[in-house]
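Dear colleague,

Please find the structure below, handed over for your use. My notes on it follow directly after.

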2 protein chains.
Amino acid sequence: MDERAALALLADELEYAGDDAAVVDDLVVTTDMLHETTDFPAGTTRYTAGWRAVGASLSDVAAMGAEAVAAVAAYAAPEFDGEELLAFVRGARDVCDLVGADYVGGDLDGHDEFTVTTTAIGRFDGQPVPRSGANSGNLLCVTGTLGRSAAALEYFGQNKHERANELFQFEPRIEAGRALALHATAMMDSSDGLARSLHQLGEASGCGFEVDASRVPIAESLREVTDTDEEALEQATTFGEDFELVATIPEGALAGVREVTPVSISVLGSAVPREDGITMDGEALPDRGFTHGCD
Amino acid sequence: MDERAALALLADELEYAGDDAAVVDDLVVTTDMLHETTDFPAGTTRYTAGWRAVGASLSDVAAMGAEAVAAVAAYAAPEFDGEELLAFVRGARDVCDLVGADYVGGDLDGHDEFTVTTTAIGRFDGQPVPRSGANSGNLLCVTGTLGRSAAALEYFGQNKHERANELFQFEPRIEAGRALALHATAMMDSSDGLARSLHQLGEASGCGFEVDASRVPIAESLREVTDTDEEALEQATTFGEDFELVATIPEGALAGVREVTPVSISVLGSAVPREDGITMDGEALPDRGFTHGCD
């Protein structure tokens with residue numbers, strides 16, 4: 001059973017199974033477990049690991065349109081190396097500082113593999129943005145650029161660790177999420193890749209999407225490590241792990257969102273009726289991307 | 001480096017290093033990672049594992065004197081067995097229901113060993129109870145009884161799994177914690193054992209404790225599996241993993257606390273000047289107990 005099958009099984013038991021985060025009163029809570037072998041390529045510093053692990057949870061808070069309040073991490077390693085531990089904590093704290101959250105520590109534990117679980121808590125002024133509210137005709141938007149993590153992985157493979165670590169640190173889109181939340185009809189983060197995100201939003205909202213390939217914002221770093229436009233586009237749409245926000249907004253809201261959003265907002269296309277499917281330049285965009293979990 | 005050494009190293013970096021939980025605004029947050037080989041004896045059902053893992057985090061919320069709001073868990077296993085996963089979720093939800101918290105799911109992940117990280121969130125009306133406020137002359141109190149987990153472990157060893165699982169489920173002392181918080185000068189849970197808890201409270205508060213051995217509330221189930229009073233007392237004071245609350249209160253507050261606290265409150269003795277040390281029946285009570293982590 002993979003993660004998606006298991007989540008389907010849990011859907012009857014848990015209201016928020018499969019969502020980025022759960023909502024309780026005015027709070028949003030999200031938790032993620034990461035392992036050295038599956039989530040941190042060789043060469044990832046503990047500083048980057050702390051940044052990225054906590055950042056991924058903060059990204060889930062951003063995807064709900066909430067303010068980031070706090071994050072904690074449970075840190076397990078074969079041995080507690082003082083320098084590694086401090087580096088992890090500093091990375092975790094720096095990404096929290098960037099978005100105005102408090103990093104308040106967590107748990108230490110012995111384990112045969114470096115494993116961390118991060119939890120982030122956010123708070124709403126208004127209402128959380130669901131995945132289910134996209135309407136045909138809404139503009140389909142994405143923050144920032146896609147492909148930094150794909151580029152990072154390529155640089156890790158080339159042993160260019162400094163550049164790879166730099167690309168592996170990202171800014172969780174808390175501020176953009178709050179600005180988008182004022183107008184967005186549906187929102188999630190792109191951690192499983194743009195293509196998979198569109199399939200998930202489409203399924204939850206009962207709509208399709210048409211994407212204009214020329215508008216997909218490809219990261220410069222991804223261009224550096226790919227030979228052709230096609231390869232870059234393929235990676236940008238399916239690799240994932242980028243932690244940008246994918247949102248649908250009414251057409252009239254675009255100027256207002258851009259005015260208060262600190263990062264670039266690209267309009268990729270629009271939501272269309274469900275029966276028109278999910279397409280890029282008229283071709284079906286398959287549900288391919290990153291599935292967390294095991295077979 | 002063991003957990004305590006690592007925590008000392010982090011003390012300069014993190015305000016709440018070593019505390020049961022961290023405080024952010026009116027919220028309390030706590031996280032714990034547990035592994036099959038170190039935390040769940042053979043025979044522990046997934047229902048009990050869900051109950052106990054989430055219960056341990058709720059106990060940390062109780063130790064701060066907060067109301068329990070929500071809990072999440074990140075669940076990792078070599079494969080996602082549907083029945084095991086549902087059993088875990090039901091155990092987690094049942095312990096949350098018992099204390100009025102929402103269990104809102106979490107993350108699923110593949111991993112070579114069954115590993116769970118639970119996070120609980122609480123909220124304060126008033127102020128959190130620190131570990132550092134005990135004053136000489138305060139009464140030393142403990143909720144419920146000590147030794148259920150020690151007894152459970154013995155029953156697991158005897159392959160009496162049903163009885164062992166029953167003893168391994170416990171009620172987090174949220175309600176008692178809130179009642180104690182109105183008066184307590186210091187509080188923590190007994191998860192590392194009574195002896196270690198007293199050393200930790202004594203160090204944080206700058207006091208000693210004198211304990212009357214005859215007042216230590218030994219669980220009936222521990223009596224069943226021990227041969228002598230001495231053995232039962234030894235296990236009750238050092239084994240830990242019981243998730244009762246250890247608190248100090250001014251003498252005049254006892255009747256009021258008992259009136260509003262649903263579980264029994266035993267007075268074990270009192271806080272004394274630091275130089276008098278930590279003693280039981282006049283003998284030094286050594287700092288022995290459960291240290292989480294690795295060498």
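Of the residues of chain B, B:Thr117 comes closest to the rotation axis, with its C-alpha at 3.2 Å. That axis belongs to a rotation of 180° with 0.0 Å of shift along it, which superposes chain B on chain A with an RMSD of 0.0 Å; copies are superposed by least squares on the C-alpha atoms of residues with pLDDT of at least 70 in both. This is therefore the relation of a two-fold axis. The same surface serves both copies, as 100% of the contact residues of chain B recur in chain A (contact means heavy atoms within 4.5 Å).

The model is a predicted one, in which local features need pLDDT of at least 70 and side-chain atom pairs count only at pLDDT 80 or more, while totals for chains, interfaces and linings use all residues. Residues are numbered from 1 along each chain as its sequence is written, chains are lettered from A and ligands numbered from 1 in the order in which they are written, and side-chain values use heavy atoms, leaving out hydrogens and water.

Chain A is assigned two domains, domain 1 (3-123) and domain 2 (139-284); the bounds come from an automatic or database domain assignment. Their C-alpha centres lie 21 Å apart. In the contact between them, 28 residues of domain 1 of chain A meet 22 residues of domain 2 of chain A.

Two helix pairs in chain B may also be of interest. Helices are DSSP runs (H or I, at least four residues), numbered from the N terminus. The axes of helix 3 (residues 46-63) of chain B and helix 4 (residues 82-98) of chain B come within 6 Å and cross at roughly 40°; axes are lines fitted to C-alpha atoms over the stretch in contact, and angles run from 0 to 180 degrees between N-to-C directions. Helix 3 of chain B and helix 4 of chain B are therefore oblique to each other (angles under 35 degrees count as roughly parallel, over 145 as roughly antiparallel, 65 to 115 as roughly perpendicular and the rest as oblique).

The axes of helix 5 (residues 148-157) of chain B and helix 6 (residues 161-168) of chain B come within 8 Å and cross at roughly 160°. Helix 5 of chain B and helix 6 of chain B are therefore roughly antiparallel. Among the residues in this contact are B:Tyr155 and B:Phe156 of helix 5 of chain B, and B:Leu167 and B:Phe168 of helix 6 of chain B.

Yours sincerely
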